[in-house]
Amino acid sequence: MKMNRRRFILGSTLVGGGLLIGYAASRPSKHRVANRDAGERPYLTTWLRIAPDNTVTVLVPHSEMGQGILTSLPMMAADELDADWNLVRVEQAPATDLFANGVLIKGFAESMGVSIPGVLDGLASAATMKVAEIMNMQITGGSSSVRFTGEHGMRVAGAAAREMLLKAASARLGVPESELSTSLSFVHHRASGRSLTYGELASDAARFEPSSEPILKTPEQFTLMGRSIPRVDIPAKVDGSAQYGIDAHLPGMLYAAVKTSPVFGNRLQSVGNTEAVLQRRGIKRIVELDDAVAVVADNYWRAQQALALLDIRFEETTNDSVNSRSIYAQYDTALQDELNEDVIEGDAPGFLASASDIVEATYRVPYLAHAAMEPMNCTVHFHDGRCDVWTGTQDNLGIRGRVAKVAGLDENSVTLHASYLGGGFGRRLPTGTNTIDQATQIASHFDVPVKTLWSREEDMQQDYYRPAVTSKFRAAFDNTGKLMAWENHYIGKNEPAEAAHTPYSIPHKHIAYALSDTHVPFGAWRSVAHSQHTFFLESFVDELAHRSGQNPYQFRLNMLADKPRHAAVLRAAAQKANWERNLPAGHAQGIALQESFGSIVAQVAEVSIRPDGSVQVHRVTCAVDCGRAINPDTVASQVESGVIFGLTAAMYGEITIDKGRVVQRNFPDYDMIRLRDTPQIDIVNVESGEALGGLGEPATPPIAAAVANAVYILTGQRVRELPLKNYRFTAAPVESAV
Amino acid sequence: MARFRVNGKEHQLDIEPDMPLLWALRDELGLSGTKFGCGVAACGACTVQVNGNPVRSCVTPVSAVEGSDITTIEGLAVNASLTPVQQAWIDHQVPQCGYCQSGMIMAVSALLASNPSPSDAEIDGAISNVCRCGTYPRIRQAIRSLRASA
């Protein structure tokens with residue numbers, strides 16, 4: 001696609017002798033910023049501030065949860081600006097509507113009509129969100145920050161600022177712009193040997209109109225993009241000074257421990273033993289909510305101890321009898337009903353009806369919890385008709401709005417203090433606000449700050465879960481062994497819409513789904529619907545390869561003739577992994593491929609079976625085409641992270657429902673990959689130079705299938721349900737494929 | 001009255017003897033670098049050192065550390081000079097979300113103090129902390145770079 005840069009109305013202004021530049025949220029009558037003192041609505045979202053002391057401050061409107069966004073986005077602005085990285089400062093943009101994603105989206109939609117990253121699009125179209133509400137979002141998700149805010153916001157702002165500085169220098173030095181160059185926060189005039197710092201030029205530059213279509217650098221002109229720049233957030237994360245939401249520590253603050261109905265949505269019936277509990281040391285109040293009870297104390301441990309002594313009863317509903325088996329039975333029934341079409345190409349039902357040999361399989365995955373390391377928490381302080389909020393969230397603005405709504409306050413009366421996130425993975429998106437709602441309601445009884453903090457058990461049992469899903473397949477070949485028909489019927493439809501689509505060229509496809517809601521709350525979980533569908537798709541494709549006597553790698557490659565990027569990534573992974581060559585005895589490899597969030601990822605897992613029948617993953621080779629790497633070391637760390645996150649789910653991840661409630665309680669029964677289980681991870685960066693893809697999520701989807709496909713070669717057993725911890729395998733190698 | 005030293009400073013706290021050290025540090029002393037992760041000693045986010053030994057503070061009552069020397073993440077760097085472990089964490093760009101890293105660094109520091117050149121198996125055996133972001137490959141590289149023979 002030809003890139004059109006005319007996406008933003010840029011604005012600029014002079015503040016404190018420096019230049020501010022950013023996106024204008026509304027078309028101003030003139031380009032000067034509105035006078036805030038005069039009470040006019042300011043329209044400028046400032047991404048860049050160039051101060052007289054020659055420092056450049058970049059404001060980042062996304063949340064840092066370890067993905068390196070506080071570094072990557074400023075790199076993109078600073079590179080286009082030709083700023084000296086040592087003079088670049090980074091600030092978290094405040095949670096005000098000036099920094100809403102909606103502003104960006106509106107700019108996109110109005111000027112281009114280009115596709116909006118899935119997470120934002122999905123939220124905008126989801127039943128719970130109206131399009132208008134997207135204007136008040138400040139989302140970090142959908143692996144979208146770099147390819148969206150960075151590529152179409154930061155770079156444009158940096159380039160426009162540089163052009164203004166050149167204009168200012170031209171006027172100051174009395175030479176044409178064509179004789180000027182920029183580097184390391186200086187404008188140089190080579191012919192005369194004169195140089196001016198950006199700081200010296202900032203106030204003059206602010207007098208020029210910023211271009212909405214500045215000329216951007218080509219990749220060979222990049223000075224920062226493409227280099228591994230150390231992350232700016234890391235020093236504070238090795239000395240304990242990094243502040244997370246849970247670390248809010250305020251004078252006179254109180255602490256709330258909460259017990260919510262273990263059966264989602266059931267109402268609180270009664271609370272007993274309150275008098276004895278209220279007499280305990282430090283206990284301030286017992287707060288009853290619709291479906292929960294909280295104890296507020298002067299120390300979190302005291303609140304927790306007291307909560308455990310209350311006699312808490314919840315009402316019962318029909319949901320009390322729901323369990324994982326009944327949910328799967330419900331799914332099976334739903335898949336017998338009329339389905340909703342997803343992809344219909346050719347005539348798969350017709351081909352299957354006449355086929356002599358049909359391959360059939362049913363796959364399932366369980367619910368998954370996010371289990372971010374920082375348990376859910378939120379501190380709220382009501383005072384003077386206002387409210388201050390401290391919490392780590394993937395949508396600062398959305399959470400500000402949520403607190404305002406629950407508190408019955410105007411949004412401008414709520415201040416959200418942003419912090420680092422102790423893990424996000426989708427849990428801290430505004431689609432799941434139960435902690436925020438509780439914290440606001442609990443704190444409304446006090447005029448001091450109250451920190452509501454969930455125990456790990458609450459965090460695990462009151463999550464918004466990656467859904468349990470069933471997926472049924474049928475497929476058939478022609479008599480030359482070519483895969484002709486693909487039928488896939490599955491449960492649920494979540495973002496991204498294309499998650500159940502396979503990249504392979506198959507003449508007849510019939511992909512359809514049934515909606516089958518349960519009372520278990522849904523949440524976006526790293527890579528969302530790809531997390532289950534890539535396991536299904538890439539396992540079943542593997543079954544078909546073996547059934548037709550073809551090598552699983554070659555079988556895939558043969559069906560990618562019209563997908564050269566996918567083929568290149570698959571080849572790169574196989575080559576780097578030394579596919580099926582020189583493997584130690586008892587080891588086997590499995591391969592899987594998927595495109596998600598604009599990036600294509602192929603993984604080869606080298607696996608063996610331990611004497612106790614469990615699975616050991618020795619090495620994962622991961623080839624990635626994300627277009628171009630902005631910060632290659634961050635790409636590597638996100639890929640490592642994505643692989644291990646997916647591997648944890650494949651090996652251990654299982655939330656089961658019994659009596660309407662989550663069975664698992666804490667890490668002992670919802671285990672995680674640890675150092676001893678960690679495979680060697682080798683990464684191949686396939687730089688296609690195509691449009692930037694996301695990185696926070698794409699490495700998660702393929703790993704489960706890659707491992708399960710290797711397990712099949714070792715054991716002859718096809719893994720059609722996760723997690724792998726539920727199996728005790730015996731090595732019985734299948735005849736090696738061609 | 002609970003008495004112990006934290007990062008060299010003497011503290012006397014009028015708290016219950018069964019209060020876990022974690023909450024004494026966080027809520028009573030305002031030392032927030034030590035993190036709450038699970039409350040059952042399963043994840044290691046709350047790891048501190050008691051007389052040099054790694055201890056999961058979420059299940060350690062203050063009565064068990066009476067008179068002890070406690071070191072938290074805030075007490076590692078002396079005069080803003082990072083320890084080799086902290087520096088290796090920066091050099092290898094280990095942390096992502098960073099939430100587990102205080103406990104991770106405290107556990108690794110204790111391991112290297114008692115065993116300056118651990119084998120890979122000894123590292124795997126000693127460091128059982130959970131990192132949900134999966135920074136383990138870099139943790140392993142960072143520890144290997146710190147081995148006495150490295």
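Buried area is the accessible area, taken with a 1.4 Å probe, that two parts lose on being put together, summed over both. For chain B and chain A it comes to about 4600 Å², with carbon and sulfur atoms giving 56%. This is a predicted model, where local features need pLDDT of at least 70 and side-chain atom pairs count only at pLDDT 80 or more, while totals for chains, interfaces and linings use all residues. Residues are numbered from 1 along each chain as its sequence is written, chains are lettered from A and ligands numbered from 1 in the order in which they are written, and side-chain values use heavy atoms, leaving out hydrogens and water.

Looking at who touches whom, 60 residues of chain A and 52 residues of chain B take part in the contact (heavy atoms within 4.5 Å). The interface holds 8 salt bridges (a side-chain nitrogen of Lys or Arg within 4 Å of a carboxyl oxygen of Asp or Glu). One of them joins the side chains of Asp633(A) and Arg138(B), at 3.2 Å from N to O.

Chain A also has an open sheet of 7 strands with mixed pairing, in the order E11-E12-E9-E19-E16-E17-E18. Strands here are DSSP runs of E with at least two residues, numbered from the N terminus, and two of them pair if DSSP finds at least two bridges between them. Strand E11 (283-288) and strand E18 (414-417) of chain A sit at the edges, each pairing on one side only. E18(A) runs parallel to strand E17 (residues 386-390) of chain A, over 4 bridges. In E18(A), His417(A) is the bridge partner of Trp390(A).
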